[in-house]
Amino acid sequence: MQTVQILALGKCKEGYLREACREYEKRLSRYCRLQITELEPAALSQNPSEKEIAAALEKEGAELLKRAKGYCIAMCIEGKQLDSPQFAQIFQRAAVQGDAAVTFFIGSSYGLADSVKQAANLRLSMSAMTFPHQLMQMILLEQIYRSYRIMNHEPYHK
């Protein structure tokens with residue numbers, strides 16, 4: 001069974017989003033081993049300078065990369081946009097290539113360090129719009145669930 005790991009900077013605090021995430025975690029348990037790790041973002045001052053932000057991103061990035069396994073995907077606005085069947089192919093290709101794990105990186109409010117984006121096998125964007133990391137985690141879980149349904153030729157609403 002494939003391992004899907006989500007490494008997210010910041011915690012999912014909103015009750016309704018946590019509930020939705022738990023529902024997708026439950027649904028995914030029949031398809032994969034899901035591991036969600038919510039890491040504490042680096043502390044920043046009230047009005048951080050560009051230098052302070054860059055240092056924080058690098059610190060966060062080092063922690064993310066230390067935990068990465070298998071095929072790595074950086075969730076970032078400048079990434080490639082895929083439709084759901086193309087997204088499902090990521091999991092199929094990873095399995096064929098011998099990657100027992102697929103890791104997703106979700107950045108803090110300032111995004112991801114360049115080192116994480118460069119180390120990733122794929123930069124992926126869900127939209128040209130910006131989403132809060134809490135909502136992004138739920139959207140990602142829904143799309144992962146949809147991918148496994150597609151791969152198993154099981155119906156899923158459109």
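User: Which residues does Q2 touch, not counting residues up to four places away in sequence?

Analyst: Read a contact as heavy atoms within 4.5 Å. In this predicted model, Q2 touches C32, R33, F91, A94, A95, D99, A100, V102 and Y148. Q2 itself lies in the segment before β1, which spans 3-9.

User: Is Q2 buried or exposed?

Analyst: Buried means under 20% relative accessible area. Q2 has 12% relative accessibility, so Q2 counts as buried.

User: Which polar contact does the side chain of Q2 make with another side chain?

Analyst: Look for N or O atoms within 3.5 Å. The side chain of Q2 pairs with the side chain of Y148 at 2.6 Å. A polar atom of the Q2 side chain also lies 3.2 Å from the backbone oxygen of F91.

User: Which residues touch the most other members of the largest nonpolar core?

Analyst: Such a core joins buried nonpolar-type residues through side-chain atoms within 4.5 Å. Here the largest one has 32 residues. I73, F91, F104, L140, I144 and Y148 touch the most other members. At least two residues come from each of β1, α1 (15-28), β3 (71-80), α3 (84-96), β4 (101-106), β5 (122-124) and α5 (133-151). The most come from α5, which gives 8 residues.

User: What is I73 in contact with, leaving aside neighbours within four places in sequence?

Analyst: The partners of I73 are I90, V102, T103, F104, F105, A120, L122 and L124.

User: How many residues are in the second, separate core?

Analyst: That core has 14 residues, including L7, C72, A113 and A120.

Technical notes: Residues are numbered from 1 along each chain as its sequence is written. This is a predicted model: local features need pLDDT of at least 70, side-chain atom pairs count only at pLDDT 80 or more; totals for chains, interfaces and linings use all residues. Side-chain values use heavy atoms; hydrogens and water are left out. Helices (H or I, at least four residues) and strands (E, at least two) are DSSP runs, numbered from the N terminus. Buried means under 20% relative accessible area, exposed over 50%, partly exposed in between (1.4 Å probe, protein chains only). A polar contact is a pair of N or O atoms within 3.5 Å; within protein, one must be able to donate a hydrogen and the other to accept it, and residues adjacent in sequence count only if both atoms are side-chain atoms.
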